[in-house]
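Okay, thanks for coming, everyone.

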Amino acid sequence: MAVAVIALTAVGCGGSSKDAGSDDASSSASGKYSGKGIGLAYDIGGKGDQSFNDAAYAGFEKADKEFGFGGTDIEPQDGESDADKVQRLEQLAKAGYNPVIGVGYIYATAVKEVATKYPNVTFGIIDDETVKATNVADMVFSEEQASYLAGVAAAKATKKKHVGFIGGVDIPLIHKFGAGFEQGVKSVDPSITIESQYLTETPQEGGFSSPDKGKEAASGQIEKGADVIYHAAGLSGQGVISEAAAKKVWAIGVDSDQYSQSALAKYKDYILGSALKNVGGAVYDLAKSVYEGKPLSGVQRGTLKTGGVGFADSNPKYKAMTDVVAAVDAAKQEIIDGKVTVKTS
């Protein structure tokens with residue numbers, strides 16, 4: 001009950017975002033939209049993870065800037081149940097937010113239940129395509145393709161022919177990252193050693209929200225000889241990156257361009273690149289479709305071809321490694337052209 005009360009209070013006071021007057025402004029701006037803006041419910045780790053959730057918030061901000069309709073964003077609570085998520089989404093819909101977006105597959109049960117009660121509200125869920133309803137957009141990505149590029153970059157950058165992968169939680173979604181990375185590495189040099197590790201069996205154990213677990217795992221892989229480590233671990237990845245920087249080896253980020261994240265600035269010289277997942281773009285596209293009166297629904301998949309996934313090249317040190325850049329660019333084109341199919345497990 002305490003968790004539920006916290007969630008309801010967050011909705012009632014507008015969460016953590018700009019909300020005042022936004023419904024009136026948006027209505028007059030488009031002539032179609034009369035909601036209160038986006039209702040964004042974060043995944044484990046919350047805003048400030050410099051990765052998955054922050055990517056969603058970037059899309060929220062872009063939509064707000066372009067359409068001026070604001071909204072609210074709400075943090076998850078430790079140990080919450082599906083019932084808590086149902087209550088959170090239901091209150092967002094009831095309060096007039098549209099679209100209402102669950103950031104992460106953990107919202108699947110809640111979105112399925114609440115969407116049936118509010119057929120005139122558009123719901124979005126990221127990283128899940130099991131919810132089938134005319135007012136639900138399933139926003140998913142070919143993470144394995146971006147991870148393949150991360151694998152190519154790691155294989156070309158390693159000096160010890162030894163790299164590592166750290167996944168947050170041992171689940172099929174994160175297996176896609178690991179599988180793509182391994183295939184990318186082996187496409188360059190099958191003899192390269194790959195360390196692979198998942199931090200926890202379930203999200204509730206902190207696999208996506210524990211930088212200390214990420215740091216410990218990275219330390220172990222570096223001790224074994226890995227000199228490039230790719231993480232798909234949400235907030236836990238901050239620990240991976242900090243340890244890689246401390247030991248002066250390469251880290252590869254995930255979801256957001258982690259080289260450009262201010263909270264990671266002191267480590268950025270050791271962030272080779274990031275496997276991008278355009279979560280922000282998906283949030284923006286859904287908001288735009290609702291604003292224009294033509295809501296998206298069904299599976300919306302981001303791929304290399306559509307720009308839904310990619311590999312960030314912000315680090316000047318990466319750009320200076322012309323052989324690495326050329327290999328990654330070539331691999332990207334092969335996937336887009338259908339010459340390479342990346343495995344998901």
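So, start with helix H3, residues 52–67, and helix H10, residues 279–291: their axes are 7 Å apart and the packing angle is about 35°. Axes here are lines fitted to C-alpha atoms, for helices over the stretch in contact, with angles from 0 to 180 degrees between N-to-C directions. Helices (H or I, at least four residues) and strands (E, at least two) are DSSP runs, numbered from the N terminus.

Before I go on, this is a predicted model, so local features need pLDDT of at least 70 and side-chain atom pairs count only at pLDDT 80 or more, while totals for chains, interfaces and linings use all residues. Residues are numbered from 1 along each chain as its sequence is written, and side-chain values use heavy atoms, with hydrogens and water left out.

Back to H3 and H10: the crossing is right-handed, where right-handed means the near helix is turned clockwise from the far one by less than a right angle, and left-handed means anticlockwise. On the H3 side you have Phe52, Ala55, Ala56, Gly59, Phe60, Lys62, Ala63, Glu66 and Phe67, and they meet Val279, Gly280, Val283, Tyr284, Ala287, Lys288 and Tyr291 of H10. Contact, by the way, means heavy atoms within 4.5 Å. Sorted by class, that's eleven nonpolar, two polar and three charged residues. For the classes, Ala, Val, Leu, Ile, Met, Phe, Trp, Tyr, Cys and Pro are nonpolar, Asp, Glu, Lys and Arg are charged, and the others, Gly among them, are polar.

Next pair: H6 (residues 143–157) and H7 (residues 172–188). Their axes come within 6 Å and cross at roughly 40°. H6 and H7 are therefore oblique to each other; for reference, under 35 degrees is roughly parallel, over 145 roughly antiparallel, 65 to 115 roughly perpendicular, and the rest oblique. This crossing is right-handed. H6 puts in residues including Glu143, Tyr148, Gly151 and Lys156, and H7 answers with residues including Leu173, Phe177, Gly180 and Gly184.

Asp82, Lys85, Val86, Leu89 and Glu90 of H4 touch Thr109, Ala110, Val111, Glu113, Val114 and Lys117 of H5. By class you get five nonpolar, one polar and five charged.

Let me stay with Glu90, which sits in helix H4, residues 82–95. The cut-offs are under 20% relative accessible area for buried, over 50% for exposed, and partly exposed in between, with a 1.4 Å probe and protein chains only. Skipping neighbours within four places in sequence, Glu90 contacts Val114, Lys117 and Tyr118. From Glu90 to Ala110, 20 residues along the chain, the C-alpha separation is 8.7 Å.

Now the loops. Ser236 is in the one between strand S8 (228–232) and helix H9 (237–246), and Ser236 is buried, with a relative accessible area of 0%. A polar atom of the Ser236 side chain lies 2.8 Å from the backbone nitrogen of Ser210. Beyond four places in sequence, Ser236 also touches a set of residues including Leu199, Phe208, Pro211 and Gly214.

Leu264 is in the loop between strand S9 (250–255) and strand S10 (271–277). Leu264 is buried too, at 1% relative accessible area. Outside four places in sequence, Leu264 is in contact with Gln50, Gln238, Ile241, Gln258 and Ile271.

The Asn98 to Pro99 peptide bond is cis, with omega near 10°, and Pro99 lies in the loop between H4 and strand S3 (100–102). Lys248 isn't a glycine, yet its phi is positive, near 60°. Lys248 is in the loop between H9 and S9 and is exposed, with a relative accessible area of 61%. Asp255, in strand S9, has a positive phi of about 70° without being a glycine, and at 8% relative accessibility Asp255 counts as buried.

Conventions:
Polar contact = N/O pair within 3.5 Å; in protein donor to acceptor, adjacent residues only side chain to side chain.
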